[in-house]
Amino acid sequence: MHSTGPARRRPGGETDGGGPAFLGRTRELAALRADLERAGLDTLAGRPAPRCRVLLVAGRPGTGRTALAERFAAECLATGDYPDGLLRARLTDPGGLPVPTERTARDLLAALGTAAPAGADEDELTEALRGALAGRRAVLLFDDVCSGEQLADLLPDNRGCLALAVARGPLTGVPDVRPCTVGAIEQDAALRLLVRGAGRTRVTVDPRAAERLAEACAHLPAALVLAGGWLAAHPDAALADALRRMAEPDDDGLAEITDPLGRAFRLAHSALPPPAARILRLLALAPAGVADAHTAAALAGCSLGAARTTLRDLTLLGLVHPVPAAPPAVSEEPAGPLLTLPGCLDPLLQMLLDRRERPAEVQLARARLLERTVRRLTACRAVTEPPGSPARSWLSGLPASLRFGSRAAAAEWLETRLPSLLAAARLVVAEGELDTLARRLIAALTSALSAHRGTEAAAPELYRLHELVLGVADRQRLPRERAAALLNLGDLDVAGGRLQLALDRYRSALEALRPDGDRVLPGAPVPASGLPGTELGAGRALESIAGTYAELGDWSRAADWYARALSTAQSRRDLEAEARLHGRMAGALVCDAQWPEALRAWRAAAAAHRRRGDARAQARALSEAARVQEYAGEPEESMRLCLQALRIAERSGDRRLEGALRLRLADGSERLGRLVDAAGHREKAARLLAPDGDAGPPDGGADGGAAGSAAGSAESAASSGAPVRAPDGTGGSASSTAATDSARSSRRHAYET
């Protein structure tokens with residue numbers, strides 16, 4: 001067994017040093033070592049399989065099977081044969097349901113430091129996992145495996161890795177696996193395990209009672225730990241007292257439980273006062289079976305101090321175990337260490353919860369936990385805001401136990417609690433009884449992840465959260481939230497290259513918005529004046545569809561959908577969106593070689609920017625209109641518009657834009673044979689674009705002029721954000737074609753003015 005936690009004095013003078021300790025299992029460890037050294041059946045047959053070796057530890061919960069696997073994994077790592085360390089995953093949720101392979105693969109990829117594609121399916125993720133493990137030498141510990149098929153999907157095609165599987169029995173479907181069956185531990189190890197709780201004196205004084213107590217526990221490590229915990233909590237009790245209490249029926253709701261583990265649990269449970277016993281059974285509601293003092297306090301409705309004291313007592317009794325983790329890098333969490341419920345006790349705790357707690361009390365406990373989690377996540381997000389902001393003012397009003405001292409401390413808390421936070425979101429959505437709190441929890445978790453990781457880095461988690469929102473919205477018939485989730489998922493699908501799926505999501509979002517006209521749309525961009533309405537959500541959907549068609553290179557449809565989005569922007573008198581959409585539509589029309597329509601769109605964009613008072617954006621839009629006229633074979637009109645743009649750029653004070661336009665004018669003057677004008681523009685451009693503002697003129701050779709023109713064209717095109725394409729046979733610059741290629745491979749919102 002493992003024994004973790006701070007060093008403490010045991011009754012009878014025994015001490016637990018706080019480090020992991022393991023007793024017995026010498027035969028099983030020897031069998032695992034021999035099995036590892038023995039060649040597999042495929043190898044003996046001359047057909048070595050291109051996959052890692054799999055060793056199976058089979059046994060019922062409570063036999064110490066996981067501790068044995070951990071001990072053997074530590075031995076393997078100590079040999080140096082697996083320098084890439086240990087990866088572990090639990091393949092069964094606390095409720096007994098198998099963990100989806102997709103989720104396990106994501107978690108393992110995250111542990112390897114490999115970004116999992118957002119929205120990727122199971123096959124993609126398992127393939128990515130095998131790719132990440134290729135060439136590595138690591139030990140993979142899969143705990144509580146449900147089936148051979150579940151394990152086989154996660155095994156790497158790499159003979160340098162070793163997989164240790166922990167399951168109830170043999171795993172069919174995984175070839176060449178010899179199970180190491182785990183049952184009771186040896187008598188000597190069982191007595192030494194009792195010594196840890198009872199102390200050496202009591203075991204020495206009554207060795208026969210110690211042997212009978214070990215027999216009553218069936219020499220199962222989990223039962224022996226619980227019996228030792230009861231003896232530690234009762235230093236004046238004899239071993240015979242523990243035997244008698246295990247044999248006596250008790251009115252604790254578990255009278256029919258007669259197996260050794262159940263009797264030992266009843267013994268340890270009898271040592272708890274009623275408030276502590278209630279906290280213990282409510283811990284069965286902890287997401288992912290992981291809890292801290294905040295979790296216990298919220299579930300039971302007690303103070304944080306009382307919860308910390310109770311959890312220390314439960315740890316001493318062996319009813320909860322500390323989660324092995326690295327020491328905090330920033331600060332000690334006021335809620336204390338993370339604790340986990342032993343999987344073998346989960347059915348017993350669920351039985352107690354069903355019999356001792358009314359359904360209304362259980363739901364209230366869940367609601368309290370979700371409410372506190374939302375406040376912690378909101379505080380985690382608020383600490384990223386600048387001092388003096390409303391969020392920081394709200395944060396200062398929270399109790400000290402709910403606040404974070406720094407951004408780094410909040411980020412550390414978020415990363416360590418993320419598995420249980422995601423589990424909480426999944427559970428509350430699946431139950432469907434607290435959908436309002438579920439929406440708040442997902443919104444708070446989304447904001448915290450985006451603030452600390454950034455939207456791109458948090459995309460895999462955000463994708464899963466948006467899918468949960470979509471499920472709640474469908475169940476509650478909330479069209480606005482459905483649309484918001486679909487739009488967010490579509491954005492992530494575009495980033496992942498799933499353009500057709502993104503189009504379907506955007507169209508579904510547009511359909512969801514049509515019948516509903518008076519609710520707000522969560523998740524859409526929020527203007528300063530307040531939350532967006534239906535028109536803004538529909539405009540976002542239309543613009544997203546247009547951008548996706550642009551990604552697909554269907555410029556005609558892209559321009560058409562940009563025009564539809566423009567109509568919604570005009571109807572709500574959103575001048576900024578109107579100017580942006582004019583530019584994006586013009587960019588798509590340029591790529592489709594529709595010169596008159598593109599010219600009108602750029603002129604309209606320039607007019608909208610003029611009404612907004614943005615001279616720089618107006619000059620850029622006019623410069624793009626001049627470029628369109630150049631492509632259309634109207635060089636004189638192009639020069640006139642470019643000069644108009646130059647005058648506006650001079651008034652705006654943007655020296656780089658002015659310099660780029662001067663280079664454009666120099667190129668146009670040369671093509672028209674006005675060499676003196678070209679030289680003058682180029683000289684002024686060199687002064688404007690030089691870092692110190694007074695550099696000499698560039699090389700007057702033809703190559704230098706072409707390079708300057710290309711730089712100016714690229715500067716102008718990049719600043720306008722529009723795709724640019726030179727028509728065949730017009731002699732367009734290389735920068736135009738490059739800008740087109742870049743635009744086609746960029747994200748859907750690359751066409752900004």
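On a 1 Å grid over the protein atoms alone, a pocket is an open set of points with protein on both sides within 12 Å along at least five of seven lines, a cavity is a set of points where a 1.4 Å probe fits but cannot get out, and lining residues have an atom within 4 Å of a point. The model is predicted, so that local features need pLDDT of at least 70 and side-chain atom pairs count only at pLDDT 80 or more, while totals for chains, interfaces and linings use all residues. Residues are numbered from 1 along each chain as its sequence is written, and side-chain values use heavy atoms, with hydrogens and water left out.

The second largest pocket is lined by 23 residues, of which Pro287, Ala288, Ala423, Leu427 and Glu431 lie nearest its centre. Its volume is about 540 Å³, where a volume is the space filled by probe spheres set on the grid points, which are joined across faces, edges and corners. Two or more residues of this lining are given by each of helix 16 (346–356), helix 17 and helix 19, helices (H or I, at least four residues) and strands (E, at least two) being DSSP runs numbered from the N terminus. Helix 19 provides the largest share of the lining of the second largest pocket, with seven residues. The lining divides into 15 nonpolar, two polar and six charged residues, where Ala, Val, Leu, Ile, Met, Phe, Trp, Tyr, Cys and Pro count as nonpolar, Asp, Glu, Lys and Arg as charged, and the others, Gly among them, as polar.

A search of the whole structure finds five cavities of 30 Å³ or more, and the largest cavity holds about 250 Å³ of space. The largest cavity is lined by 18 residues, and Thr295, Leu369, Thr373, Arg417 and Leu421 are the closest to its centre. At least two residues of its lining come from each of strand 8 (290–291), helix 14 (293–300), helix 17 (359–382) and helix 19 (407–431). By class, this lining has 10 nonpolar, four polar and four charged residues.

Two packed helices are described by the angle between their axes and the distance between the axes. Here axes are lines fitted to C-alpha atoms, for helices over the stretch in contact, and angles run from 0 to 180 degrees between N-to-C directions; angles under 35 degrees count as roughly parallel, over 145 as roughly antiparallel, 65 to 115 as roughly perpendicular and the rest as oblique. The axes of helix 30 (residues 655–671) and helix 31 (residues 675–689) come within 8 Å and cross at roughly 160°, and the two helices are therefore roughly antiparallel to each other. Their crossing is left-handed, a term used if the near helix is turned anticlockwise from the far one by less than a right angle, with right-handed used if clockwise. The residues of this contact divide into nine nonpolar, three polar and 10 charged.

For helix 11 (residues 239–247) and helix 12 (residues 260–270), the axes come within 9 Å and cross at roughly 110°, and these helices are therefore roughly perpendicular to each other. Ala242, Arg245 and Met246 in helix 11 meet Pro260, Arg263, Ala264, Leu267 and Ser270 in helix 12, where contact means heavy atoms within 4.5 Å. The crossing of helix 11 and helix 12 is right-handed.

Helix 4 (residues 101–111) and helix 5 (residues 122–133) pack at an angle of about 30°, with their axes 9 Å apart, and are therefore roughly parallel to each other.
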